[in-house]
Amino acid sequence: MDKNKELISIVLPVFNEEAGIETTIDTLEKFAANQPQNFEIIFVDDGSQDNSVKLIEKNQESNQNIRLIQFSRNFGHQLAITAGIRYTKGDAVVVMDADLQDPPAVIVDMIDKWHQGFDVVYGKRLSRDGESFFKKTTASLFYRVLKRMTSVNIPLDTGDFRLMDKQVVHQLRRMNEADPFVRGMVSWVGFKQTAVTYERQERIAGTSKYPLRKMVRLAMDGITSFSSFPLQIANWLGSLSIVFGIGYLIASLFTTMDTIHFAVFALFLMVGITLLTIGMLGSYLYRVFEASRKRPLYIVSKTVGFRPSRDPESQ
Ligand code: UDP
Ligand code: MG
């Protein structure tokens, strides 16, 4: 296709980003103006309680390529991305943070790879600036543990910053998962995927909107939607415990042991294992429960800059 006729949609989830949103808009406008392609910039407001929406609307008045989807409350980063992707019209869709941690210049490399025939080009982080030691190590550990647990090839050190061809986007639109783990779903979809590497920047303003609570939830969603490994742990621990019990029985025939101490130790161990496995079961069951409820995944209270035909909700 002629480069000048291509449309690239950029999707940016926004949650209380008033401190930096205008810099982001400015930077993206300048970036888009220098590219041969056409761009639409879609902000998904995930229930911000600050002036983010007002600032986006103000800028939208002078730039018709800016669009806004506003949620009725905070539904979470992954659902904001899901909604944004559904509203896109581009030949390719780029998802990125609204805090410029993902540098727009990398989009040029992504488009290059896309032109070479790749359907998904994900941004792989070489380094992460301005993030705590705790965040870096837990994130790194999570990606590695998840990789070992799943059969889907989810790339290491890769967030949601990526470019997707419209046929991948079409497949994602068909998936209607409660508590989606979008980067896993993109891997699951398949097609030709590749990486571009980049240095993750410090956020331009404000603080991270991902407290530990949300990080743990994301990690759990990733694991429970892509792996049954934790469910198998119960089998292994159960078997181990039986072997252990029989071993103890045999040993007790030949030796004398401080039984009280041993009983307390065994009790804690067994209660721990049992509760842990029930908890794991519960997490999976909750996913089933959520999926069976068939509620809409998110609620859009307002859109700006879309023609009515673009609203996937009304189709
Ligand atoms: N975000 C969102 N909903 C949330 C939390 C975050 O839409 O509940 C947005 C946020 O505004 C940002 C992106 O998701 O554009 C990533 O969040 P953040 O930058 O805070 O995460 P971090 O980069 O620190 O992991
Ligand atoms: Mg960020």
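Biologist: Which residues are the closest to ligand 1, and how many surround it?

Modeller: In this predicted model, 17 residues surround ligand 1, and the closest are Pro13, Phe15, Asp46, Ser208 and Lys209. Strand 1 (7–14) and helix 3 (77–87) each supply at least two residues of that shell, whose residues divide into 6 nonpolar, 5 polar and 6 charged.

Biologist: Why is Asn16 called partly exposed?

Modeller: Asn16 has 18 other C-beta atoms within 10 Å, and a residue is called buried at 20 or more and exposed at 12 or fewer; the value for Asn16 lies in between, and therefore Asn16 is partly exposed. Asn16 sits in the loop between strand 1 and helix 1 (21–33), and its phi is near 50 degrees, a positive value in a residue other than glycine.

Biologist: How do you know that the buried residues of helix 6 are on the same side?

Modeller: The buried residues of helix 6 (residues 166–174) are Val168, Val169 and Leu172. They cover an arc of only 100 degrees around the axis, so they are on the same side of helix 6. On the other side, Gln167, His170 and Arg174 are exposed. What covers the buried residues of helix 6 includes helix 3, strand 4 (92–95), strand 5, strand 6 and helix 7.

Biologist: Why is strand 5 said to pair with strand 6?

Modeller: Pairing requires at least two bridges, and strand 5 (residues 120–128) and strand 6 (residues 158–165) have 4, in the antiparallel sense, so they pair. Tyr122, for instance, has Arg162 of strand 6 as its bridge partner.

Biologist: In which sense do strand 5 and strand 7 run, parallel or antiparallel?

Modeller: Strand 5 and strand 7 (residues 193–200) run parallel, joined by 8 bridges, and the bridge partner of Val120 in strand 7 is Gln193.

Biologist: Which residues does the "domain: Glycosyltransferase 2-like" annotation cover?

Modeller: According to the UniProt record, an unreviewed entry, that annotation covers residues 9–172. Over residues 9–172 the chain is 43% helix and 25% strand, with the end C-alpha atoms 15 Å apart.

Key
Residues numbered from 1 in each chain as written. Chains lettered and ligands numbered in written order. Predicted model: local features only at pLDDT ≥ 70, side-chain atom pairs only at ≥ 80, totals over all residues. UniProt positions renumbered as here; feature names shortened; annotations may be inferred. Near = placed C-beta within 6 Å. Nonpolar A, V, L, I, M, F, W, Y, C, P; charged D, E, K, R; others polar. Arc of directions from axis to C-beta. Contact = placed C-beta atoms within 7 Å.
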